[in-house]
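I opened this model to see how the chain is built, and I kept notes as I went from the whole fold to single elements.

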Amino acid sequence: AERWTEVPLAPPDAIFQLTAAFKADTHPNKVNLGVGAYRDDNSKPWVLPVVKKATEILVNDPALDHEYLPITGLPEYTSAAARLVFGSDSPVITEERVTSVQTISGTGANHLGALFLSRFYHWNDKRVFVSDPTWVNHHQIFPLVDIPVSTYPYYDPQTIGLAFPAFLDTLKKATPRSVFLLHACAHNPTGVDPTREQWGEIADVMLEKGHFAFFDSAYQGFASGDLDNDAWAVREFVRRNVPLLVCQSFAKNAGLYGERVGALHVVSPSKEAAVRIKSQLSVLARSEISNPPAHGARLVSLILNTPELFEQWKRDVKTMSGRIIEMRKELHRLLTEELKTPGNWDHIVNQIGMFSFTGISPAQSKALVETAHIYLTSNGRISMAGLNKHNIRYFAESLDKAVR
Ligand code: PLP
């Protein structure tokens with residue numbers, strides 16, 4: 001008999017399918033608002049000037065070789081990455097209570113963090129709570145390592161904002177020591193973040209119930225343009241001693257999508273526990289990847305550890321976040337002032353980061369794709385990075401038509 005007849009055909013990834021449909025479309029005004037990657041004002045990928053500089057330094061280094069990195073990654077990269085998230089003067093850094101391991105970008109950090117918890121967390125109820133909705137891959141990453149996924153209310157379609165009371169209620173009712181996945185900033189896909197006061201209340205309940213915070217940080221600096229500001233929630237949870245880990249990605253904030261540069265940081269109560277955790281993470285990393293890739297980690301290490309490059313990077317991060325914030329303001333202005341589009345559009349400027357939940361229905365989203373050649377996911381999420389001064393008016397007018 002023929003082999004593999006029992007392997008069922010899996011559905012294609014919705015986002016990548018959308019990109020393929022966009023590429024095949026020949027309409028001159030087509031717009032891609034599906035992709036979660038930064039684009040410049042001409043819809044082109046943007047290589048950060050700091051990355052160009054760092055690449056030049058790296059490739060001209062006569063001592064550069066292609067040896068294996070250590071199993072847990074390039075040490076000067078992982079330590080600088082930890083300082084970036086927690087702040088150099090954080091007690092978890094000065095007391096050596098954080099275990100940092102280089103990962104295959106943010107996805108690999110989520111995977112390794114999940115795998116570590118699956119093996120070693122002291123579970124009362126083995127599952128992870130993720131926001132409803134969340135980055136769709138969370139729904140695949142955790143079950144892969146035998147952690148079932150439950151959701152907590154997050155997005156309220158009525159207000160196009162945070163479903164805060166229902167979120168808190170789920171935190172309160174969950175079995176003690178439950179694991180909650182939290183987006184550190186710039187929530188994907190909604191663009192809705194808790195306020196500082198709300199983060200404080202979340203931390204209070206988590207401490208009271210002994211819950212564990214699984215922070216996913218894929219957009220530090222990319223959201224507000226300020227690296228410290230975007231790390232505020234993580235640092236506040238550390239300050240309050242909420243047990244936690246952080247998954248970190250340099251895909252978006254350094255524009256290193258394809259280089260797969262990330263890190264997992266697990267915070268421990270003691271230096272001695274951090275050493276034991278590192279030994280186990282090494283075993284897991286060894287069996288999966290042996291050693292992480294070198295190029296991207298070397299670039300980020302150079303950027304984080306060279307003061308002039310670090311300053312340049314901060315400017316580059318501001319360029320990206322600034323353009324996105326400008327697009328939010330312009331879209332809001334076009335809809336509310338020029339076109340007088342029915343409804344309230346304040347959420348466009350209140351949301352933060354790469355994505356915005358427009359609040360439009362699946363039917364309206366479909367109409368935008370089919371009649372206006374504007375590609376977006378059926379949940380009404382748009383990538384703000386796909387908008388620019390050439391296409392924003394066309395988008396606003398098409399959106400206006402779709403909702404009337
Ligand atoms: N987590 C969130 C919330 C994301 O939005 C993304 C990327 O879209 C990632 C993690 C991981 O991305 P990467 O593996 O490219 O770092």
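I began with overall size: for 404 residues a compact globule would have a radius of gyration near 22 Å, and the protein chain has 22 Å, so the two agree. I noted that this radius is taken over C-alpha atoms, and that the globule rule is 2.2 Å times the number of residues to the power 0.38. What I have is a predicted model, in which local features need pLDDT of at least 70 and side-chain atom pairs count only at pLDDT 80 or more, while totals for chains, interfaces and linings use all residues. Residues are numbered from 1 along each chain as its sequence is written.

I looked up the secondary structure next and found 16 helices and 13 strands in the protein chain; these are DSSP runs numbered from the N terminus, helices being H or I with at least four residues and strands E with at least two. Buried residues make up 45% of the 404, where buried stands for 20 or more other C-beta atoms within 10 Å of a residue's own, exposed for 12 or fewer, and partly exposed for in between, with C-beta atoms placed from the backbone.

I then turned to helix H11, residues 271–288, whose 18 residues reach 26 Å from first C-alpha to last, close to the 26 Å expected at 1.5 Å a residue (that is, 1.5 Å times one less than the number of residues). In H11 I found Ala-274, Ile-277, Leu-281 and Ala-285 buried. Seen down the axis of H11, the buried residues fall within an arc of 75 degrees, so they line one face of the helix; the arc is that of the directions from the helix axis to the C-beta atoms. This buried set packs against strand E2 (98–104), helix H5 (105–120) and strand E10 (261–267), contact being C-beta atoms, placed from the backbone, within 7 Å. On the other side of H11, the exposed residues include Glu-272, Ser-279 and Arg-286. Just after H11, Ser-290 takes a positive phi of about 65 degrees.

H5 came up again at the ligand, where it gives three residues, the largest share of the shell. Of the 13 residues around the ligand, Ser-105, Gly-106, Thr-107, Asn-188 and Ser-249 come nearest, a residue being near if its C-beta atom, placed from the backbone, lies within 6 Å.

Last, I checked Leu-64, which lies in the loop between helix H2 (49–59) and helix H3 (75–86) and is exposed, with 12 other C-beta atoms within 10 Å.

Conventions
Two residues are in contact if their C-beta atoms, placed from the backbone, lie within 7 Å.
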